[in-house]
Amino acid sequence: MQPKLLSLIIPVYYEEEVLPTSYQRMDSVMRSIGLPYEILYINDGSRDGTMRILRDLAKAHPEVKVFSFSRNFGHQIAVTCGMDHAKGDAMIIIDADLQDPPELIPKMVQMWQEGADIVYGKRLQRKGETLFKKLTAAVYYRVLSSMSAYPIPLDTGDFRLLDRKVANVFLKMREKARFLRGMSAWMGFEAVPLEYVREERAAGHTKYTLKKMLSLAADGILNFSATPLELPLFFGVALGVLGVLGAIAMIVCTAVFGTACPQWLWLAVGFSFLLAVLFGFQGIQGFYLGRMYDELKDRPLYILAEELNTDR
């Protein structure tokens, strides 16, 4: 029987400082497993020396394949590109910054060989991150978990191993606003956690700006939960109850205590609050409509400007 092939998918974006060290550790780990492997780097529009280093790696190592985007399309799209071109029986997704230890990959492969369809990294601790990042991440994952119709594991990222049958289902889903860990939960395959401590970056600094984190958070909530669309009903009920209580309070003040409440003030405040709620939820509906608009365009998820060591 032909041995199983492993595909290591690594999205990169302005990672020239860490790439040489990252490759050495990744390649050493993959060699230690004893199975044939390929390493797919997806350059997500980097304009520094990242592509120069990737060209050198591809030239020296035939198992290294490189796919370079014409511009920055985003981390989730870069991972999708890797899955599109990977040939392995299992695919391991990991970032180049070494925060997720490559040394955990053999354990992931072992768990896969024992029957797991998905092995995902579960973070016990996040080293080298600000208190703000840790706090917002903890709150976000718990809010997402409570709102999602499908159970999304807490404190996880995209560091994971996927069986080929799982990847094939991923590749059938071509939505533009992608949230891979939510898509993974939606499938319902057997998923097993692997707990670990997330390390600091080996070099350089994070490319995930606050804007990108907020965008990914929005994708996670809007793509996998209809709760925001249902919230107006709850607000309407709450406002109705407050209106009744306010009317009772005004009647009591007038009839019992003889204190006349200025009705225009109640009207002005209530009207302003109602307008704020109305415009807020119109904005939420606009997010959903915007995503529908993007999907209807049916544009390709990404554009490749260069490919190295690939079979065209």
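Student: In this predicted model, which residue follows α1, and what is its phi like?
Tutor: Remember we're looking at a predicted model here. Go to the end of α1, which covers residues 19-33. The residue that follows has a positive phi, near 90°, and it is Gly 34.

Student: Which residues of α1 are buried, and how wide an arc do they cover?
Tutor: Buried here means under 20% relative accessible area. That picks out Leu 19, Ser 22, Tyr 23, Met 26, Asp 27, Val 29 and Met 30 in α1. They sit on the same side of α1, because the arc they cover around the axis is only 165°.

Student: And which residues are exposed on the other side of α1?
Tutor: Exposed takes over 50% relative accessible area. On that other side of α1, the exposed ones are Gln 24, Arg 31 and Ser 32.

Student: What covers the buried residues of α1?
Tutor: Look for both strands and helices. The cover includes the strands β1 (6-12), β2 (37-43) and β3 (64-69), along with the helices α2 (50-60) and α4 (105-113).

Student: Over to β6: which residue there is the bridge partner of Ile 93?
Tutor: Strand β6 (residues 156-163) has eight of its eight residues buried, so it's largely enclosed by the rest of the structure. Four bridges join β4 (residues 90-93) to β6, and the two run antiparallel. In β6, the partner of Ile 93 is Arg 160.

Definitions and conventions: Residues numbered from 1 in each chain as written. Predicted model: local features only at pLDDT ≥ 70, side-chain atom pairs only at ≥ 80, totals over all residues. Heavy atoms only, no water. Expected span 1.5 Å × (residues − 1). Buried < 20%, exposed > 50% of the residue type's maximum accessible area, 1.4 Å probe, protein only. Arc of directions from axis to C-beta. Contact = heavy atoms within 4.5 Å. Pairing = 2+ DSSP bridges.
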